[in-house]
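Let's take a walk through this model, with the cut-offs spelled out along the way. Have the viewer open as you read.

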Amino acid sequence: MNKATNITLKQAAEFFIGHDNFLILSHANPDGDTEGCAYGLCGALQRLGKKARLACSDPLSERFSYMKEAVEKQQFDESFVVSVDVADRSLLGDLEKLYGDKVDLAIDHHISHRPFAERVYVDDSAAAACEIIYDLIKLLEAECLDEKIAKCLYTGIATDTGCFKFGNTTRHTHLKAGELMEYGFDAAALNYVLFDMKTKARIGLERYVFENIEFFAEDKGAVIALSKEILDSVDAEDVNGISALPRQIQGVEVGIVLKEKEEGWKASLRSNSVNVQEICGHFGGGGHIRAAGCTIKAADAEEAKRLIKEEVTKVVEKLLN
């Protein structure tokens, strides 16, 4: 594939208007933003009269099952491949071997985006990739939004901003969410499903996190390690959003959740004031300024915690001095 070409959002809209038969890829371990983008864009393209379908290496969360209502199942051989909310081709998971070097257009909002597509549109000022997809859909030649598609896009915006509580939330975020709500879905009921509804297993996991969390750097840092044994004892759905818990503790500037995986310890960092993207970059990871992730190669949880604590402490000490 040739060197990636940066395009404008208008050119991205023209790409969709001028072509057909789209396969839309979301990242592995999908969250509300990548799936909201995929289902929202797929539904809009189908309303435009295009053929479009979805692919992800992991199944859609039951919590997001309503998104399926926004699209029709279509069978066809793809002519063009599009990725949404994918910062690096490796994040495609099992689909990387099939499509990693075949992506025609990547739409993303990560500041750490590593170009892998022929065409790239990245807006790192967007709180969620769904903000971009919403603006893109409005540039298409026909009215392609309806209640079901708007619900998908709202999901991505709401989840990537922590229900509009995170520092990435902007005035434009609120305006776009408000415009999407005008399509008539029950935002209060949706927010309950996305943010408040918890299983008993999830409550147990949260209890374990708060009982076993470790503080460091004069209590400005907090870290918890979740072994494979613990993670296997609950559904994957119950683990979603657990990375935000340490950051909720008063006085904590950097919260870290380590999850044991086959390839190492997956670290998810959240912060109210620290650039955690730079910290994760030290380990070859990336993400956003206030929310980022990486994989730490370590023999056990203690070594993984030591390595990440060292890097976080260097940054936090600057805040203390």
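## Ground rules

Buried here means under 20% relative accessible area, exposed means over 50%, and partly exposed is what falls in between, using a 1.4 Å probe and protein chains only. This is a predicted model, so local features need pLDDT of at least 70 and side-chain atom pairs count only at pLDDT 80 or more, while totals for chains, interfaces and linings use all residues. Residues are numbered from 1 along each chain as its sequence is written, and side-chain values use heavy atoms, with hydrogens and water left out.

## Arg-53 and its two partners

Start with Glu-78, which is partly exposed at 27% relative accessibility. Its side chain meets that of Arg-53 in a salt bridge, 2.5 Å from N to O; the term covers a side-chain nitrogen of Lys or Arg within 4 Å of a carboxyl oxygen of Asp or Glu. Arg-53 lies in strand β3 (residues 52-55) and Glu-78 in the loop between β3 and β4 (80-84), so the pair ties together parts 25 residues apart in sequence. Helices (H or I, at least four residues) and strands (E, at least two) are DSSP runs, numbered from the N terminus.

Arg-53 is partly exposed too, at 22%, and lies over the face of Phe-76, at 5.4 Å from the ring centre. For a charge to sit over a ring, NZ of Lys or CZ of Arg must be within 6 Å of the ring centre and within 35 degrees of the ring normal. Another such case is Lys-151, whose charged end sits over the ring of Tyr-66, 4.7 Å from its centre.

The structure holds 20 salt bridges. Arg-63 and Glu-237 form one of them, at 2.2 Å from N to O. This pair links distant parts of the chain: Arg-63 is in the loop between β3 and β4, Glu-237 in helix α10 (residues 236-239), 174 residues apart. Arg-63 counts as buried at 17%, and Glu-237 counts as buried at 19%.

Asp-88 and Arg-114 make another, with their closest N and O atoms 3.4 Å apart. Asp-88 is in the loop between β4 and α3, Arg-114 in the loop between β5 (105-108) and β6 (119-122), 26 residues apart. Here Asp-88 is buried at 14%, whereas Arg-114 is partly exposed at 39%. Elsewhere, salt bridges that share partners join Glu-131, Asp-135, Lys-138, Lys-176 and Glu-179 into one network.

## Aromatic pairs

There are 7 aromatic pairs. Rings of Phe, Tyr and Trp (its six-membered ring) pair if their centres lie within 6.5 Å; planes under 30 degrees apart count as stacked, over 60 as edge-to-face and the rest as tilted. Phe-16 and Phe-22 have ring centres 5.1 Å apart and planes at 55°, so that pair is tilted.

## The open sheet

Finally, 6 strands form an open sheet of mixed pairing, in the order β7-β8-β9-β10-β12-β11. Strands pair if DSSP finds at least two bridges between them. At the edges stand β7 (214-216) and β11 (286-287), each with a single partner strand, so one side of each has no neighbour in the sheet.

Strands β8 (residues 221-226) and β9 (residues 254-261) pair in the parallel sense over 6 bridges, and Gly-221 has Val-254 as its bridge partner in β9.
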